[in-house]
Amino acid sequence: MERNLTHIALFAALIAILGLIPKVDLAGGVPITAQSLGIMLCGTVLGAKRGALAVLLFLALVAAGLPLLSGGRGGIGVFALPSVGYLVGFPIAAFAIGWLMERTTLAAGPAATLASIIGGIGILSIFGTLGMSVMLDKSLAEAAFLAGAFLPGDLIKTVIAGFVTQGLARMRPASLLSRA
Amino acid sequence: MLTLTSPVETWAHPLPAGLKLAFLAVATTGLFALKTPLPLGLACAATALAYLGCGRLFATTGLRLLWPLWPFVVIVGLWHLWTASPATGATIILRMFAAVGLANFVTMTTRLSDMLAVFQWLARPLRPLGLSPRRLALACALMVRFIPVMLERFSQISQSWSARSSRRPGWRILVPVTLAALDDADRAAEALRARGGAG
């Protein structure tokens, strides 16, 4: 019980610090924010249920007024931005990534990358597109075109999520709770 | 940890947080029902007046919080100039400013603790699922406390990388950072159990 609670809280904090560190530190010049990487890691490491709860806890504290989203954004206002679909999709993406991790028999690294592509790009883009379509009064096709701008950065992140998960699996297999 | 709550005390600070959130929900629904630029322009003007009524410092801080809107203003602006439908474009942009402005106003005039109290009240129906208010409060407190701890750990790990390599750490540093988070979680769980558990 206590372990579940602290894992959820600490991974919520991990998503937060990944949004606070400077963009260029991570990908050698490619400007990506690591925040959605945190969402992916919640799923690949904690599994479906705990991963989704960690993301929900993070979003609750952002809504309550902590400026923890990348770029120092926060408050209820971020849920009125056209990008709100991504925020709604975050916990669902983490759940889907964790669900896939728990069920595939692939090695940890490839499984994490694959699950992140399906959950962190596929499902997240669907929610992001729906959100922009509603908030900006655009057709789904037009909104999908805007959502496409995030694709290159997201692909890099899924690969990094795979490498990090593989590293954890190799150094300490028991640490992958999604595979426990 | 800095919050977005404004240190400038305004008339809206003492109002109950639940009331402000309920008003925000109704107002935002209303904004989405408006389909022409004129009433939305008035809504923007009213929001701006609410900010200005709280003093210049408060208003400039509020203006700075609207900065994340600029990419959307550029995209929507160019799009509707291209399709020769400036009225629709103005509707979308004005609605965006009014909705985000109002929401930021509520955030800026409500303390974090008050906001979390409302969330805990809203989460009451989830109690049968194992989410008691006490656990929720504990999880929030743990997360807030561990953000500075993990930032410190992140910079320590970066420094030990820099001490051993001339290259930049890049993504590799995330493996020890995640491991450190898992270890901290285990130790915090033991400490909690030793003090009577999470309830």
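Helix α1(A) packs against helix α8 (residues 174-194) of chain B at an angle of about 140 degrees, with the two axes 8 Å apart. Here axes are lines fitted to C-alpha atoms, for helices over the stretch in contact, and angles run from 0 to 180 degrees between N-to-C directions. Angles under 35 degrees count as roughly parallel, over 145 as roughly antiparallel, 65 to 115 as roughly perpendicular and the rest as oblique; α1(A) and α8(B) are therefore oblique to each other. Helices are DSSP runs (H or I, at least four residues), numbered from the N terminus.

The model is predicted, so to speak of local features requires pLDDT of at least 70, side-chain atom pairs count only at pLDDT 80 or more, and totals for chains, interfaces and linings use all residues. Residues are numbered from 1 along each chain as its sequence is written, while chains are lettered from A in the order in which they are written. The model scores ipTM 0.87 and pTM 0.90. Chain B averages a pLDDT (the predictor's confidence in each residue, from 0 to 100) of 89.

Note on methods
Helices (H or I, at least four residues) and strands (E, at least two) are DSSP runs, numbered from the N terminus.
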